Structure formats: structure tokens, C-alpha cells
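Here's a quick briefing on the structure shown below. Have a look at it first, then read on for the helix packing, the chain layout and a pair of loop residues.

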2 protein chains.
Amino acid sequence: MEQLSIGEVARRTGLRTSAIRYYEDAGVLPPPPRVNGRRRYGPEAVRTIGVLRFAQQAGFTLDEVRTLFHGFGAETPLHERWEALAQAKLRDLDALIARAHGMRRAIEAGLGCGCVRVEDCVLPDHDHAGDGDPYPVRYAGSPPARPRASSRSRSRPATSRSKPRSEGS
Amino acid sequence: MEQLSIGEVARRTGLRTSAIRYYEDAGVLPPPPRVNGRRRYGPEAVRTIGVLRFAQQAGFTLDEVRTLFHGFGAETPLHERWEALAQAKLRDLDALIARAHGMRRAIEAGLGCGCVRVEDCVLPDHDHAGDGDPYPVRYAGSPPARPRASSRSRSRPATSRSKPRSEGS
DNA sequence: GTACATCTTCAAGTCGACTCGAAGTCAAGG
DNA sequence: CCTTGACTTCGAGTCGACTTGAAGATGTAC
């Protein structure tokens, strides 16, 4: 029976070992058996991680992937699990697409404005309060020159917020 | 001469005071004169912040907004500044849109798969290393004011990761 | 026996755009 | 005088998905 080290799984999936450990910590991947303290994966792990990455690339968060993998009865077929999660995701995606088209228009409007000074520009002709951003979607387009690391320890801090604001009345 | 407190500017722009101070700290907004240590804004500040928010909503980062505002000769018209920044941004946007459509297709593919177990799924039929994610696109919704849900992001080292991934050697 | 590759855990750093809290200042009102 | 409210600065926290590094253990080759 083929047993893979974490390094081998990393090689086959194109991930770093740290990512695989992170998935385990995050409860997305089940902890594999250990031999002398080292993780030993069966060959299906590669496939599982493939589905995980696929789901991520489709826009699911790790939280959602965890639900996808472990949030259903064991007998629930994969496509039913997808179905249960896909609706909201498709709506988000359509909103994103609409918003991206809006950004395009905005940029082109900016090209068309003839203003010389920033202060003169009438582009944002809303001067009234309370109209928060329509949808504050942000996207990082320009590939960061160095997509350096990022990290955080596991666990669920999940501090709830919604503090009353004191400062402007 | 109308002088506005930071609270008043916040009210008129719909931002929190902390955001306005942050913009100043970040070098996007110029520090206004102080009276008794307190910031006093002229009325044009509201418009300036309007343009800033508009640019952000069009997909520019604060870094880019800073360039837009202060990265050119003072006599360069606003639309020329836009022009200088817009090309790459439009390309990013088109990539984002294409990627979003790809995600849609992926989700629908997931709906169509008949797999019962995650391990069986053939969806991600790439089992080889090195094919990193196409482009690291991040889109997120997370309102500054309200604790709205649904935020997500994606990002990882580029396909040709210049990192000597080695964990040991 | 000793180098070296690979593994282990755990803590802390990263990125962007902020927000929040603490502690202090200041003017007006009762 | 005391409170209230708006302001000040500074530092730390938030979110997600990781990476990086330290310090130590183990496996394999020479």
C-alpha cells in the first residue's frame, strides 16, 4: 500500500507542506495516521486536496470547503453538497461580475472627465452622508510582485463586533 | 470661510473619522491645518475624499490613489493621471471578469458531477505539480461600517514561484 | 559517526484597509 | 466644579490563507 510523506503529497499537489498542515489544523483535511510522529497519507489524499483546491478556485472559502467535506452526512453525494452551497456562491459571483463591469465603466468615466484639479472633479457627485459603498468589493488585480507569505495561528478567535460608535454624533 | 471638523467631514462623506485619519497617515490625504491641535478642513476636502472613494470603488488601491493624487506634476490634469493608471487596471479587471466566469463554470461543473465520495471525484483531473493557480484574484466584501458577512479572498505565490521551496535542503 | 534531508510543533509575520480602545486634551454648559 | 462630547495619539486587533523561522527529532546515505 502506497504511503506518502507530507513532502510527497506537497510535490504531487503543487502545494507547500505548510499549506497541507494548515488545512489539517483548520479542520479541512483529516489528520492522517502517524508513523514515528510523521504523517503518512494514502494516495487518495492527493485527490482530496485536488477537490479542495478546485473548490477554492471556484470561490469557496476554507470554511465552506470544510462544510463541503464534513458538514453533511457521510452518505450525501458530493454533487448534492455542492448544490447546497452553490446558490449563494453563484449570486456572489454574479454580483462580483456586475461590480467589475461597473468598475470598468467608472475607470472609463475617469478617463473622460476633463478635470484639472482633484477638487474640481464632479465624478463622485454624491456629497451626502449615509450612502455607504454600494458593495465594497475589492479585488487585487496587479499580481503582487512578491506574493509573500502570510500566516496565522489556528483556532477560532471569532470575536463578534458591532460596537456602538461613540465618536460622531 | 467654512471650516469643517473631522467629524463633520466624516458625516458628509459617510466615512468614520478613523478612516480619514488613516488616509492622512497613509499619505493619501494631506494633513490639514490644526486649530488647538484639531484638524480643520476646507470644504474641498469632501470632494477630494469623494474622488478618493470613487477611485477605490473603481478598483484602485490606496497606493494607487496616492499616486493619482500626488504622483504627478501639479499641472497634470486629472484625466491624464487616470489614463496613466487605467491601462493595467482595466487588464486586471478583464482578468477578474474572466476568472469569475471560470468560477461559475467550475461551480456548475461541481453540480453536474455525480461523485459520491470526495476521493472519487475526477473534477480536478490535474494531479501534477507546478500548475499553480492561474492568477491570484482576490475579491472581498466587507463593509467598513457594518458587520456584513461573506468575505473571501484568494491568493498564493505565483505559478513561477521564485521561492526556493525547500524545507530542508 | 556524521552529515544532511525531512520531518515535527509552535509562535509570529504578512498583506490591505481599516476599526477599536485607552488615555489624555479642550471647550461649552449646568 | 463636573460632565459631556468631540477631538488627539498610539498601539493593537481584525479578516483569510497561508509562510517563515526556531529548535528539535528522526531517517537515510556515506
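Let's start where two helices touch: in chain B, B:Val9, B:Arg12 and B:Thr13 of H1(B) meet B:Ala45, B:Val46, B:Ile49 and B:Gly50 of H3(B). By type, the residues of that contact split into 4 nonpolar, 2 polar and 1 charged. Keep in mind that this is a predicted model.

**How H1(B) and H3(B) pack**

- A pair of packed helices is described by the angle between their axes and the distance between those axes.
- For helix H1 (residues 6-13) and helix H3 (residues 44-57) of chain B, the angle is about 45° and the axes are 10 Å apart.
- As for handedness, H1(B) passes H3(B) in a right-handed crossing.

**A closer look at H3(B)**

- The buried residues in H3(B) are B:Ala45, B:Arg47, B:Thr48, B:Ile49, B:Gly50, B:Val51, B:Leu52 and B:Ala55.
- B:Ala45, B:Ile49 and B:Gly50 are on that buried list, and they also turn up in the contact with H1(B).
- An α-helix has 3.6 residues a turn, so residues three or four places apart point the same way.
- What do the buried residues of H3(B) pack against? Their partners are H1, helix H2 (17-25) and helix H4 (62-70) of chain B.
- After H3(B) comes B:Gly59, with a positive phi near 110°.

**Over in chain A: the H1(A)/H3(A) pair**

- Helix H1 (residues 6-13) and helix H3 (residues 44-57) of chain A pack at about 45°, and their axes lie 10 Å apart.
- That angle makes H1(A) and H3(A) oblique to each other.
- The crossing of H1(A) past H3(A) is right-handed.
- On the H1(A) side the contact uses A:Val9, A:Arg12 and A:Thr13, and on the H3(A) side A:Ala45, A:Val46, A:Ile49 and A:Gly50.
- Sorted by type, the residues of this contact come out as 4 nonpolar, 2 polar and 1 charged.

**Chain A as a whole**

- Chain A has 5 helices and 3 strands.
- Along the sequence they run in the pattern α-α-β-β-α-α-α-β.
- How much of chain A is buried? Of its 169 residues, 27% count as buried.
- Taking contacts in chain A between residues at least 6 apart in sequence, 52% join residues at least 24 apart.

**Asn36 in both chains**

- A:Asn36 has a positive phi, near 55°, and it isn't a glycine.
- You'll find A:Asn36 in the loop between strand S1 (34-35) and strand S2 (38-39) of chain A.
- Is A:Asn36 buried or exposed? It counts as exposed, because A:Asn36 has 5 C-beta neighbours inside 10 Å and 12 or fewer is the cut-off.
- In chain B, B:Asn36 has a positive phi of about 55°, again in a residue that is not a glycine.
- B:Asn36 sits in the loop between strand S1 (34-35) and strand S2 (38-39) of chain B.
- B:Asn36 is exposed too, with 5 other C-beta atoms within 10 Å.

How values were computed: Residues are numbered from 1 along each chain as its sequence is written. Chains are lettered from A and ligands numbered from 1 in the order in which they are written. This is a predicted model: local features need pLDDT of at least 70, side-chain atom pairs count only at pLDDT 80 or more; totals for chains, interfaces and linings use all residues. Helices (H or I, at least four residues) and strands (E, at least two) are DSSP runs, numbered from the N terminus. A residue is buried if 20 or more other C-beta atoms lie within 10 Å of its own, exposed if 12 or fewer, and partly exposed in between; C-beta atoms are placed from the backbone. Axes are lines fitted to C-alpha atoms, for helices over the stretch in contact, and angles run from 0 to 180 degrees between N-to-C directions. A crossing is left-handed if the near helix is turned anticlockwise from the far one by less than a right angle, and right-handed if clockwise. Two residues are in contact if their C-beta atoms, placed from the backbone, lie within 7 Å. Ala, Val, Leu, Ile, Met, Phe, Trp, Tyr, Cys and Pro count as nonpolar, Asp, Glu, Lys and Arg as charged, and the others, Gly among them, as polar. Angles under 35 degrees count as roughly parallel, over 145 as roughly antiparallel, 65 to 115 as roughly perpendicular and the rest as oblique.
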